[in-house]
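Open the model in your viewer and keep the selection panel at hand. The stops below go one selection at a time.

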Amino acid sequence: MKVAIIAANGGLFDAYKVFNIATAAAATDAEVGIFFTFEGLNLIHKQAYKQLPLPEGKEHFQEGFQKANVPSIEELVSMAQEMGVKLIACQMTMDVMSLEKEHFVEGIEVGGAASFLNFAKDANVTLSF
Amino acid sequence: MSITANYVLDAKGLACPMPIVKTKKAMTELLPGQVIEIQATDKGSTADLKAWAETTGNQYLGTIEEGITLKHYLRKASENEVKLERTYSDVVSLNELLTKIEGNEKITVLDVREPAEYAFGHIPGAKSIPLGELEQRLNELNQEDEIHIICRSGSRSDLAAKQLSKKGFKIIKNVVSGMKDWTGPVETENN
């Protein structure tokens with residue numbers, strides 16, 4: 001199985017949607033690639049991914065996350081990488097936002113739309129968050 | 001009911017997708033054919049582990065609820081069984097076996113699957129000796145009996161049939177395919 005995911009939003013909810021599916025897929029022996037673009041870049045940004053915002057008015061869910069013992073995004077990202085999930089940051093958005101590869105977690109790749117399409121062309125599951 | 005597992009994974013208190021991720025890791029510690037017990041409190045874990053097993057080709061045996069703890073049992077896929085090379089020629093079909101049982105014929109049904117597989121459903125009255133223990137437990141069987149050996153798919157029972165006939169057992173039948181296609185009566189260990 002091959003799973004291709006586009007992460008285009010930068011909130012905490014978005015991060016969980018992306019990384020829960022990605023780690024579950026990787027644990028199911030799938031080849032997984034995530035393309036981070038626009039605000040989605042926050043999800044792998046060294047500082048930003050430690051304190052991703054909850055949607056406005058939904059801040060009270062913070063408690064629920066703790067109660068349900070949900071792993072942190074940092075943990076999920078390192079788990080995903082450990083299981084071979086490919087993380088691709090979008091070069092064009094990085095240029096627009098003046099971001100460099102060093103601003104992101106170790107082990108990511110940087111590529112353009114064509115690199116993601118090349119990965120996704122034979123994917124069984126394609127998701128966009 | 002108490003079920004023997006080769007490996008116990010504690011995933012209690014963990015939310016999705018952690019039980020799956022931990023299971024995946026733990027599975028690498030198991031040998032093919034071994035059984036893992038996964039303890040979880042995530043209510044979605046039953047459906048998830050069933051689906052996970054199906055996608056990865058492992059075998060989901062069943063789940064026992066103990067208070068808020070769910071104990072899931074999975075058996076790691078074995079390559080031999082996928083290949084399905086049967087060489088023992090004296091075989092009987094599931095229907096033939098069912099007819100014999102319904103006719104109250106004097107036969108012994110020997111189930112050579114793992115104890116956990118047996119616990120979640122076996123032919124009433126079947127004797128459980130896992131393939132790996134057969135050599136040491138031959139004295140529990142009678143050489144003169146008509147012994148029908150069954151497993152899940154017919155591969156382990158094939159090996160067991162060859163072992164027993166080499167040891168001088170008179171009438172040994174391999175039941176094919178196996179419990180995975182059995183539609184006759186079944187009992188579980190807790191009833």
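**Before you start**

This is a predicted model: local features need pLDDT of at least 70, side-chain atom pairs count only at pLDDT 80 or more, and totals for chains, interfaces and linings use all residues. Residues are numbered from 1 along each chain as its sequence is written, while chains are lettered from A and ligands numbered from 1 in the order in which they are written.

**Stop 1: chain B**

Select chain B. Six helices and nine strands make it up. Helices (H or I, at least four residues) and strands (E, at least two) are DSSP runs, numbered from the N terminus.

Colour chain B by burial: 39% of its 191 residues count as buried. A residue is buried if 20 or more other C-beta atoms lie within 10 Å of its own, exposed if 12 or fewer, and partly exposed in between, with C-beta atoms placed from the backbone.

**Stop 2: the two domains of chain B**

Colour 7-77 as domain 1 and 81-181 as domain 2 of chain B. These bounds come from an automatic or database domain assignment. The domain centres, taken over C-alpha atoms, are separated by 28 Å. Where do they touch? Six residues of domain 1 of chain B are in contact with five residues of domain 2 of chain B. Contact means that two C-beta atoms, placed from the backbone, lie within 7 Å. On the domain 1 side, strand S3 (59-66) and strand S4 (69-75) of chain B are the elements that give two or more residues. That side divides into four nonpolar, one polar and one charged. Ala, Val, Leu, Ile, Met, Phe, Trp, Tyr, Cys and Pro count as nonpolar, Asp, Glu, Lys and Arg as charged, and the others, Gly among them, as polar.

**Stop 3: between the chains**

Show both chains. Eleven residues of chain A are in contact with twelve residues of chain B. H1(A) gives the most to the chain A side, with four residues. The chain A side holds six nonpolar, four polar and one charged.

**Stop 4: H1(A)**

Is H1(A) enclosed or open? Twelve of its 16 residues are buried, so H1(A) is largely enclosed by the rest of the structure. Among the buried residues are Leu12(A), Tyr16(A), Phe19(A) and Asn20(A). Their cover includes strand S1 (2-7), strand S2 (31-36) and helix H3 (73-82) of chain A, together with helix H1 (18-27) of chain B.

**Stop 5: the largest core**

Which residues have the most contacts inside the largest nonpolar core? Select Phe19(A), Ala22(A), Ile34(A), Phe36(A) and Ile44(A), within a core of 63 residues. A nonpolar core is a set of buried Ala, Val, Leu, Ile, Met, Phe, Trp, Tyr and Cys residues joined through C-beta atoms within 7 Å. Helix H1 (residues 12-27) of chain A gives the most to this core, with ten residues. Domain 1 and domain 2 of chain B both give residues to this core, so it lies between them. A second, separate core of 20 residues includes Tyr88(B), Ile149(B), Cys151(B) and Val176(B).

**Stop 6: Ala53(B)**

Go to helix H2 (residues 45-56) of chain B, where Ala53(B) is found. Ala53(B) is buried, with 20 other C-beta atoms within 10 Å. Not counting residues up to four places away in sequence, Ala53(B) touches Asn58(B), Gln59(B), Tyr60(B) and Leu74(B).

**Stop 7: backbone exceptions**

Most residues other than glycine have a negative phi, and most peptide bonds are trans. Select Cys16(B) and Pro17(B): a cis peptide bond joins them, with omega about 5 degrees. Pro17(B) lies in the loop between strand S1 (7-11) and H1 of chain B. The bond from Val176(B) to Ser177(B) is also cis, with omega near 0 degrees.

Finish in chain A. Asp29(A) has a positive phi, near 65 degrees, and lies in the loop between H1 and S2 of chain A. Phe38(A) has a positive phi near 45 degrees and counts as partly exposed, with 16 C-beta neighbours inside 10 Å.
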